[in-house]
Amino acid sequence: MSIDPSAPFLRFAAAETNGSVERIDVSDINADRIGSFLTSLEVERGNSIATRNARLAAMHTFARFLISEHPEYMDTLQLVVTLPFKRGARVAPVEYLEEPEIKSVLARIDRRTPSGQRVRAVLADVQYGCTSSGNPESSHL
């Protein structure tokens, strides 16, 4: 059993037009209504930008199909096809180590082994950058 990706939009459009899904007309499908639907996905349902963009991709496909079946609505439906995908930062906490924590991690690396020396050099370089000599061991750590 697969779920039609346009079904949530059709229910949304029916609610907006005070009708039922069966009574939705091609003229009810437009860029403004789809924009409102996409906003409601994020705001009311808490969907991510990725989910919103997946729904928009389905709506682009649906609009292209409708254009092929109902060319008289091409102007309106072309505006749907040109709705852009949303780019955005993912809501993620900024996580980092404070300097004492970094020093603690670096101090636990066994520098007696070649792999330990390599790991410490890479981590020191990533966090602090190499000094002008290019030697991480001569950094301020």
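Me: At what angle do α2 and helix α3 (residues 49-69) pack, and how far apart are their axes?

Reply: Two packed helices are described by the angle between their axes and the distance between the axes. Here α2 and α3 pack at an angle of about 155 degrees, with their axes 9 Å apart, where axes are lines fitted to C-alpha atoms over the stretch in contact and angles run from 0 to 180 degrees between N-to-C directions. Since angles over 145 degrees count as roughly antiparallel, α2 and α3 are therefore roughly antiparallel to each other. This is a predicted model, in which local features need pLDDT of at least 70 and side-chain atom pairs count only at pLDDT 80 or more. Residues are numbered from 1 along each chain as its sequence is written, and side-chain values use heavy atoms, with hydrogens and water left out.

Me: Which residues of α2 and α3 meet?

Reply: With contact taken as heavy atoms within 4.5 Å, Ile 34, Phe 37, Leu 38, Leu 41 and Glu 42 of α2 meet Ile 49, Arg 52, Arg 55, Leu 56 and Met 59 of α3. By class, this contact of α2 with α3 has 7 nonpolar, no polar and 3 charged residues, where Ala, Val, Leu, Ile, Met, Phe, Trp, Tyr, Cys and Pro count as nonpolar, Asp, Glu, Lys and Arg as charged, and the others as polar.

Me: At what angle do helix α1 (residues 7-16) and helix α2 (residues 31-43) pack?

Reply: The angle is about 110 degrees, and the axes of α1 and α2 are 10 Å apart. That makes α1 roughly perpendicular to α2, a term for angles of 65 to 115 degrees. On the α1 side the contact includes Phe 9 and Phe 12, and on the α2 side Ile 34 and Phe 37 are among the residues involved.

Methods:
Helices (H or I, at least four residues) and strands (E, at least two) are DSSP runs, numbered from the N terminus. Angles under 35 degrees count as roughly parallel, over 145 as roughly antiparallel, 65 to 115 as roughly perpendicular and the rest as oblique.
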